[in-house]
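Biologist: I would like to go through this model with you and ask, term by term, what the words rest on. Could you show it first?

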Amino acid sequence: MKINQVLSADEIRNLVQPSNLRGFQAVFCSWAIIVGSFALAALYPSVWSVAIALVLLGGGPLACAILMHDACGSSLLSAGWLNVVVGA
């Protein structure tokens, strides 16, 4: 099955076009998960909360690296200078 059989050309164009709203939402959510994981482990110090925080923190650096890669390729945000600021 090809993607063209499922989505129209306009839908594909909307998905691959950079958007400031989606870009900032992705950056905010990634950092919110990282900060929330540290807060969970600090506020509720138990084996289970630390285990949950470690699982969540395992994907945080990868998510930030992917967002940084997209920003360096100017595909995270629609404004070029914002990609430089956010991706740095």
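Biologist: Why is Ser 74 called partly exposed?

Modeller: Ser 74 has a relative accessibility of 42%, and the rule calls a residue buried under 20% relative accessible area, exposed over 50%, and partly exposed in between, using a 1.4 Å probe and protein chains only. Because 42% falls in between, Ser 74 counts as partly exposed. This is a predicted model, in which local features need pLDDT of at least 70 and side-chain atom pairs count only at pLDDT 80 or more, while totals for chains, interfaces and linings use all residues. Residues are numbered from 1 along each chain as its sequence is written, and side-chain values use heavy atoms, with hydrogens and water left out.

Biologist: Where does Ser 74 lie, and what is said of its phi?

Modeller: Ser 74 sits in the loop between helix 4 and helix 5, where helices are DSSP runs of H or I with at least four residues, strands are runs of E with at least two, and both are numbered from the N terminus. Its phi is positive, about 55 degrees, although Ser 74 is not a glycine. Most residues other than glycine have a negative phi.

Biologist: What makes Asn 83 a buried residue?

Modeller: Asn 83, which is found in helix 5, has a relative accessible area of 2%, so it counts as buried. Its side chain reaches the backbone nitrogen of Leu 77 at 2.9 Å, and a polar contact is a pair of N or O atoms within 3.5 Å, where within protein one must be able to donate a hydrogen and the other to accept it, and residues adjacent in sequence count only if both atoms are side-chain atoms. Not counting residues up to four places away in sequence, Asn 83 touches Ala 71, Ser 74, Ser 75, Leu 76 and Leu 77, contact meaning heavy atoms within 4.5 Å.

Biologist: Which residues does Ser 37 contact, and is it buried or exposed?

Modeller: Ser 37, placed in helix 3, has a relative accessible area of 1% and is therefore buried. Leaving aside its neighbours within four places in sequence, Ser 37 is in contact with Ala 53, Leu 56 and Leu 57, and a polar atom of its side chain lies 2.7 Å from the backbone oxygen of Ile 33.

Biologist: How do you know that the span of helix 4 is close to what is expected?

Modeller: The expected span is 1.5 Å times one less than the number of residues, and helix 4, with 26 residues (47–72), reaches 38 Å from its first C-alpha to its last, close to the 38 Å expected. Ser 49, Ala 53, Gly 60, Leu 67 and Ala 71 are buried in helix 4, and the buried residues of this helix pack against helix 3 (20–43) and helix 5 (80–87).

Biologist: Which residues make up the largest nonpolar core?

Modeller: The core has seven residues, namely Val 27, Leu 67, Ala 71, Leu 76, Leu 77, Ala 79 and Leu 82; a nonpolar core is a set of buried Ala, Val, Leu, Ile, Met, Phe, Trp, Tyr and Cys residues joined through side-chain atoms within 4.5 Å.

Biologist: How does the radius of gyration of the protein stand against the globule rule?

Modeller: The rule is 2.2 Å times the number of residues to the power 0.38, and the radius is taken over C-alpha atoms. A compact globule of 88 residues would have a value near 12 Å, but the protein has 17 Å. The protein has five helices and zero strands, and buried residues make up 18% of its 88 residues.
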